[in-house]
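Please read the briefing below alongside the sequence and the structure, which are shown first.

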Amino acid sequence: MTTDAEEPTLTIDELAARAGITVRTVRFYGTKGLLPPPVIGPRRVGHYGSEHLARLALIEELQLQGMTLAAIERYMEQLPPGLSHHDLAIHRAVVASWAPDSVETVTAAELQRRAGRQLDEDDVERLTAMGVVRPDGDTYRIDAGLLRLAVQLLDVPLSQDAILAARKVLIAHSRAAAHELSQLFRGEVSERAEQDVKSLSAHMEPIVVQALLTTFQRSLKEEVHQWLAASDEGRPS
């Protein structure tokens, strides 16, 4: 069963459409244990939720990294049990960070498939404002690594100005952290051979990204809890 709070409501056809794959592929992943079983509702109809979508997005990202099905199975088996779709999104972000920056040209139909949902003109305009999508005649230039994240932001109850301001804050602090970490590591590898430096970089990058994401997630939770506690104290009893 899904570990998310909301009840799973997608049929297998709807899940496949949202994920941009076939129903046959969904069933195949289920037989391989890559997807948890659906929740069986009335008339014995299986229903899927956010966790299933998040797992399919993670599988797609692993495939983009060139991993074989056997390797993907091993990766998914090592995930802790009970992960929410938010936790799975973090794992996908870590995997996506391994890939080099990639800008691709896609058709309107491919943009919809990559997004995993139908996008109206307003959605495309917001994605364009985020710098993730750029119309180019009858096609679109997309930042493949950031598209799914940007699509999730479409449902966040924040104004476009607030999202762009948050993006600037994240970029500024991420660059500062990257600079300080690179200075730290540079001192450690300054006397080593070039091959050793490349090997260390290849091993450290995913570890550092995971550490930054985990630290940020926990810090954000603490900030939200403190904010909610302060709001409760300020309310009249």
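This is a predicted model: local features need pLDDT of at least 70, side-chain atom pairs count only at pLDDT 80 or more; totals for chains, interfaces and linings use all residues.

Residues are numbered from 1 along each chain as its sequence is written, and side-chain values use heavy atoms, with hydrogens and water left out. The chain has 10 helices and five strands, where helices (H or I, at least four residues) and strands (E, at least two) are DSSP runs numbered from the N terminus.

**The chain as a whole**

- The chain has 237 residues, and 30% of them count as buried; here buried means under 20% relative accessible area, exposed means over 50%, and partly exposed lies in between, with a 1.4 Å probe and protein chains only.
- Of the contacts (heavy atoms within 4.5 Å) between residues at least 6 apart in sequence, 64% join residues at least 24 apart.

**Helix H7 and its ends**

- Helix H7 (residues 121–129) has Asp123, Val124, Arg126 and Leu127 as its buried residues. Seen down the axis of H7, these buried residues fall within an arc of 160°, so they line one face of the helix; the arc is that of the directions from the helix axis to the C-beta atoms.
- Exposed residues Glu121 and Glu125 are carried on the face of H7 that is turned away from the buried side.
- At the N-terminal end, Asp120 caps H7, with a side-chain oxygen 3.1 Å from the backbone nitrogen of Asp122, and just after the helix Gly131 takes a positive phi of about 80°.

**Salt bridges**

- The whole structure holds six salt bridges, each defined as a side-chain nitrogen of Lys or Arg within 4 Å of a carboxyl oxygen of Asp or Glu.
- One of these joins the side chains of Glu60 and Arg113, at 3.9 Å from N to O. Because Glu60 lies in helix H3 (residues 50–64) and Arg113 in helix H6 (residues 108–115), the pair ties together parts that are 53 residues apart in sequence. Glu60 is buried at a relative accessible area of 17%, whereas Arg113 is partly exposed at 31% relative accessibility.
- Arg113 also meets Glu110 in a salt bridge, at 3.1 Å from N to O; both residues lie in H6, three residues apart, which is about one turn of the helix, and Glu110 counts as partly exposed at 22% relative accessibility.
- Glu60, Glu104, Glu110, Arg113 and Arg114 are linked in a network of salt bridges.
- The side chains of Asp155 and Arg117 form a further salt bridge, at 2.9 Å from N to O. This pair links distant parts of the chain, 38 residues apart, with Asp155 in the loop between helix H8 (147–153) and helix H9 (160–189) and Arg117 in the loop between H6 and H7. Asp155 is exposed, with a relative accessible area of 56%, while Arg117 is partly exposed at 24% relative accessibility.

**Glu61 in helix H3**

- Glu61 has its place in helix H3 and counts as buried, at 6% relative accessibility.
- Apart from neighbours within four places in sequence, Glu61 is in contact with Arg92, Val95 and Ala96.

Note on methods: A polar contact is a pair of N or O atoms within 3.5 Å; within protein, one must be able to donate a hydrogen and the other to accept it, and residues adjacent in sequence count only if both atoms are side-chain atoms.
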